[in-house]
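Welcome! Here is a short briefing for anyone meeting this structure for the first time.

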Amino acid sequence: MTQTNRLNGGQIDRNTSFSFKFDGRSYSAHPGDTLASALLANDVRLIGRSFKYHRPRGLLTAGSEEPNGMVELRTGALKEPNTRATTIEMFDGLEAKSQNRWPSLKFDALAVNDMFSNFLSAGFYYKTFMWPAAFWEKLYEPMIRRAAGLGSLSQEADPDEYDKGFRHCDLLIIGAGPAGLMAALTAGRAGADVILADEDFTLGGRLNSEAFALGDQSAQDWVAQAVAELSSLPNVRLMPRTTVIGAFDHGVYGAVERTGDHLATLPAGKPRQILWRIYTDKALLCAGATERPIAFENNDRPGIMMASALRTYANRFAATASQRVAIFTNNDDGHRTAADLHAKGVTITAVVDVREDAPTCYDYEVLKGAQVIDTKGRHGLTFVEVALTDGSTRTLECGALGVSGGWNPNVHMTCHQRGRPVWNDALAAFVPGENLPVGLSVAGAANGVMSTHGALQSGAESAANALELTGVLPDLPEAEDAPVSQTPFWYVEGCKRAWVDQQNDVTVKDVKLSYQEGFRSVEHLKRYTTLGMATDQGKTSNITGLAIMAEVTGKSIPEVGTTIFRPPYTPVPIGTFAGRMKGQEFHPTRLTPSHYWAKERGAVFVEVGNWLRAQWFPLPGETHWRQSVDREVRQTRASVGVCDCTTLGKIDVQGTDAAEFLNRIYANGFAKLAVGKTRYGLMLREDGMVMDDGTAARLAEDHFVVTTTTANAVSVYRHMEFARQCLYPDMDVQLISTTEAWAQYAVAGPNSRKLLQKIVDPEFDLSNDAFPFMACGNVTVCGGLRARLFRISFSGELAYEIAVPSRYGDALMQRLMAEGEEFDVTPYGTEALGVMRVEKGHAAGSELNGTTTALNLGLGKMVSKKKDSIGSVLSEREALVEPDVLRLVGIKPLQPEDKVTAGGHLMNPDGPIDAAHDQGYVTSAVYSPILNSNIGLGLVKNGAERLGEKMRLVSPLTDLTVEVELVSAHFVDPEGERLRA
Amino acid sequence: MHDLVAITALGGTDPRVDTVGGVTCSEVPGVALASVAARMGQKDKTAASLAKLIDAPAPEIGRWAGTTISAYWAGPDQWMVEAPFDTHEELADQVQTATGNSASVTEQTDGWTRFDLNGDSIPAVLELLCQLDLRKMDPGSAARCSIHHIGCFVLCRAPDSFSIYGPRSSAGSLHHAIVTAMRSAL
């Protein structure tokens, strides 16, 4: 198809042609086009359907503020809904579809909504679908959601790569229009580190859209020269296609760089977008201004656009929405559009200016004091009806109408930290207030400086002020400096369906209705009507809504105020926030030293925090996890098993006060622990609750190794470091984590000593006398490798933990398996570990749940009263030591096959089952292959005195009731004979 | 001499090497590490012992220094000492001997994994990985930072040579982040 609406000139490369598809139909375009400009050049004005009424809609703007021209870009998993055609940089092979229509854009069945608009006014769904209540979720809401909406998701995972990064500079300049470029030249020439970011793919901002000259050059040539100079400066980084999305605390700005959106396909490994965190002491907002519309009857037909957008399409993209254009304006800028389009050969039907004193033009007609009162054209504008100053009406034939209601400075970023803009009477617009984010200043049109000369000058001055530069400012090119004053004209009186927010289908009438119904605060207005929501965040509509609300409430616009401006400035794909952190890389993974060995052996892994731990090791023929776990438990208790326990936190504690420090950290005593001995330790929080448990091994008078649970390794280290620095700063203690420096394996079972005697070098005596229960020490293994040996037991068996430098962990595991073959050794995972600790009655994470005290866990006597320790005093609070506090017990079903459910509650044998009669709950439950029964641990009121009682274990949610008996928590070897063997 | 064979943090018998666009990322298992923390009131003595050991003044905040044995600042009155593994596997003992009772010394060799970046465009890679102000990273700089939510140290050896230390257990995730950033940036 030929580009019938392509004009001369522009910044497009006519030597290259691209082919693209819109709604399945092929068109041609050129590099430098956006999808929007290419569609207009190809005489396509109808782009989509509106949100609620499914009215035909076209483009309103030429920039990121676009409310209407949204499409689904690309296909398949790459499909991106709600993409603004005005910001889509053209590439060869681009495919886009219109959205929110069925079955087609031109014949949309849901356009019937428009006929029932009286029933669908603002907030209709709050009132219309109240009864019956049950219908809301099942019928009404799905129905409304189906009818209203924007694009559709692909329902597939986003296949693109995203990245994130960090940059630092002396001055971040946001926006590369005349103010931004001049600021960058000023700062760059002075040697400052500058980042100049602009959302557009071509730097220059509004200068790309204008036909006037800067000095003796065209505006575009001046931009090219400035960009060339900036590119040559090593201290200046230019970031086109980069939207600064927010001003955050401490001089941090978020910026999204679209590194791949303009490419047909991304090169392998390259990101589609990068989320930059830019750190800077100073930032300069040069975000320009956005033209605002005037509301009038049927002002939403395709072809009715912002006048400045028509000018941009003509001057920059050499495209026009129609060959016959009318202008409706309340200010001189509308006339500039008419003049530029006329110069490009477009017929100007008339300029309709609401002002009686509008400028005169001899090239085309100017209707002074006139107003547009209605429009016609089903799928695109055909006629405009104008009320003339003498009361008569006139119909103008045109395919496009440029509307200009004046300009609003883009103050958004100035308000991201709760600053409020202030009203400027001369501009009849909000400008930045005084309460800006620290380090941010504003220049150019964003600061209400509306002429080109003013923008250039304020850019240079603001950069110099921000960086405290002294000396002469750069020469400015001569530029237009027309005085700008804007007399407000928000909407045409008497209109019925005049659109304020085209993206959300909010009319003038809806705003008035909001007032009538009592939603008068500007924040309520927004929620009630949805004015200013969704992808454009009301960039072209908010001010008109405020003006109407001001009028009906009898207030001024600044009295009505604005809603809060929040980041991001424009929409950001969720994938961009995720960056590289997705899928398996969503968080870092920690692997144990035996991981690769376990993986080869077919281990099943479980995530414990960031760690991957072997859960069990299936053997051929084992089809259910219980088979593997039961076998691992039996084999360990019968002979010997090995478990990787590297994940337990290890903290090296050294210093002359190390023992006294641990005495304060742990509830039980450590000062007198002998060198070469290990002790179980209980750590309380300040409030007396149990924080963590573990062991501390004394390797020397002034050297301990503390172990923590896997889950609490970081929090315990943090707690100890806090205590060291803040509670006991006078103590000579040094802490450092050694968790992953050592590969540590539990070797458990009656044959564990025999196995270790084959590993540990013979000069170390492992006999019960020489190395008794709770002994520890440095040894060597396998012919001289330094190692640490601890005789501690979590399983209740004769057991050791042996540690070697992590790089040898894989080899040591293989050696243990090889040497243990004669003992039928088995590796065991966290499941078997859990079974054995429940059998032994050891409390673990399920019992140390943040609500339990030492007394609850049967460890009350461990809280030493002979010394002070963290949490000791508060553990004696009255309510924590009452006679019927929860106590740890074992739970055994009367029928061994009955399942014990963790989380189930315990009730007396008779009486109601409710919270008031609750006796406690089950914390851990396993199947014991040793006892051939399901068993559990639980916390029961006064449980220690109730052993032998029968109770009901209930889980009302799962309809479970099981008869159980309270027993000692120590199911296996209650006297501890095995571990001392 | 023991007969256990070591594996690298990435699980191989040989160190992993990846090259993208002129930058090489090498896994470096051949380094021994020991942490040194001055005991109370022993800061000067520890710094003096350390200076003798590394043949350079004890590094200040954010710096590293040394020759065959070198050290980088890791916290107040705290340093990490690094040396070739083959010749200094027992580095912690050596450092303890050098500092005597003035410092607490802990073996850290296998607590960490090291990746070296060599090439011309390393800042382009690092700016995707860490929040450090790379303009201020000159040869001799050593800084702590988070990479891919992993606590790391970054050392600038030369403008075209950087070392990254991260926890050994997260070597796979750290390596993934580095190589992904290399592919992204280069």
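**The annotated span in chain A**

The end C-alpha atoms of residues 496-579 of chain A lie 47 Å apart, and the span is 45% helix and 6% strand. Helices (H or I, at least four residues) and strands (E, at least two) are DSSP runs, numbered from the N terminus. UniProt, in an unreviewed entry, lists residues 496-579 of chain A as "domain: SoxA A3"; UniProt positions follow the numbering used here, feature names are shortened, and annotations may be inferred rather than shown by experiment.

This is a predicted model, in which local features need pLDDT of at least 70, side-chain atom pairs count only at pLDDT 80 or more, and totals for chains, interfaces and linings use all residues. Residues are numbered from 1 along each chain as its sequence is written, while chains are lettered from A and ligands numbered from 1 in the order in which they are written.

**Chain B on its own**

- Chain B has 5 helices and 11 strands.
- The C-alpha trace of chain B spans about 50 × 45 × 25 Å along its principal axes.
- Of the 186 residues in chain B, 52% are buried (20 or more other C-beta atoms within 10 Å of the residue's own, with C-beta atoms placed from the backbone).

**Where chain B meets chain A**

- In chain B, 40 residues are in contact with 41 residues of chain A (C-beta atoms, placed from the backbone, within 7 Å).
- On the side of chain B that touches chain A, β3 (31-38), β7 (103-107), α4 (122-129) and α5 (171-185) each supply at least two residues.
- α5(B) gives the most to that side, with 7 residues.

How values were computed. Two residues are in contact if their C-beta atoms, placed from the backbone, lie within 7 Å. A residue is buried if 20 or more other C-beta atoms lie within 10 Å of its own, exposed if 12 or fewer, and partly exposed in between; C-beta atoms are placed from the backbone.
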